[in-house]
Amino acid sequence: MTQPLMPRRAFVLGAPLALGACAQSVWAPDDFIARSFYEEPGQKYLELFTMLNTKSGNGAHTSMIISASQRVIWDPAGTFGHPSIPERNDVIFGVTPQIKQYYISYHSRITYYTVAQRVNVTPEVAEMALRAFMVAGPVAKANCTRVTTTVLRTIPGFESTRVTYFPTSLMDQFAERPNVVTNEYRETDADDKSVAAAQIDAAIRAGQ
């Protein structure tokens, strides 16, 4: 199912992190994370995000929502960020529905679209995934899928995951899982993340 988001970006993120060959550690304080806590009601799940080039279909990035006792985004070597959103080593906390929309729309633009693949899991498995990914970062550039697949292999029900550097390979593996729910998110705004970041910032400051 293809789901269009905003025709124009109405939000902004902080400037992308300047990461070189080595990963950069980010560590939000405990009280910041506690104030931002969000637990999604209902079924627990893992939701894989794959960002794909609209022309070539090549994968550009892998990330994942983990909905457990709290909902976070595992964003290895990602550039999404804002001073109002706590992060610890590639784990983004306080992922409300609005923050989730910001995140997807930040990555979905004229040159890239986002494929989301949701797999329901038990609360116990969701909690194990949460704990595992919370200690997996920070991740160096070009290693987002390799680290994600390596961690997934330690989660019950995902042990057969093949380790790969390629986002589309992991996406194909998720597509083979039973009862996976897949959505596509596309936007038509220009390929300029600095503009997207400024707009997201404005929306967050305005309380939108």
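**Exercise 1. Overall architecture**

Task: Determine how many helices and strands the protein has, and in what pattern they follow one another along the sequence.

Solution. Step 1: In this predicted model, the protein contains six helices and eight strands. Step 2: Reading along the sequence gives the order β-α-β-β-β-β-β-α-β-α-α-α-β-α. Step 3: Of the 208 residues, 51% are buried. Step 4: Consider contacts between residues at least 6 apart in sequence; 71% of these join residues at least 24 apart.

**Exercise 2. The faces of helix α6**

Solution. Step 1: Helix α6 covers residues 193-205, which amounts to 13 residues. From its first C-alpha to its last it reaches 18 Å, close to the 18 Å expected at 1.5 Å a residue. The spacing follows a general rule: an α-helix has 3.6 residues a turn, so residues three or four places apart point the same way. Step 5: After α6 comes G207, which has a positive phi, near 75°.

**Exercise 3. The packing of α4 and α5**

Task: Describe the geometry with which helices α4 and α5 pack, and state which residues meet.

Solution. Step 1: Two packed helices are described by the angle between their axes and the distance between the axes. Step 2: For α4 (residues 144-152) and α5 (residues 167-175), the angle is about 35° and the axes lie 9 Å apart. Step 3: The crossing of the two helices is left-handed. Step 4: On the α4 side, T145, T148, T149 and L152 take part, and they meet P167, L170 and F174 of α5. Step 5: Sorted by class, this contact has four nonpolar residues, three polar residues and no charged residues.

**Exercise 4. The surroundings of A126**

Task: Decide whether A126 is buried or exposed, and identify what it touches beyond its neighbours within four places in sequence.

Solution. Step 1: A126 is located in helix α3 (residues 123-134). Step 2: Its relative accessible area is 0%. Buried means under 20%, so A126 is buried. Step 3: Apart from neighbours within four places in sequence, A126 contacts K44, I66, S67, A68 and V121. Step 4: One of these, K44, is 82 residues from A126 in sequence, yet their C-alpha atoms are 6.3 Å apart in space.

Conventions
Residues numbered from 1 in each chain as written. Predicted model: local features only at pLDDT ≥ 70, side-chain atom pairs only at ≥ 80, totals over all residues. Heavy atoms only, no water. Helix = DSSP H or I, 4+ residues; strand = E, 2+ residues; numbered from the N terminus. Expected span 1.5 Å × (residues − 1). Axes fitted to C-alpha atoms, helices over the stretch in contact; angles between N-to-C directions. Left-handed = near helix turned anticlockwise from the far one by under 90°. Contact = heavy atoms within 4.5 Å. Nonpolar A, V, L, I, M, F, W, Y, C, P; charged D, E, K, R; others polar. Buried < 20%, exposed > 50% of the residue type's maximum accessible area, 1.4 Å probe, protein only.
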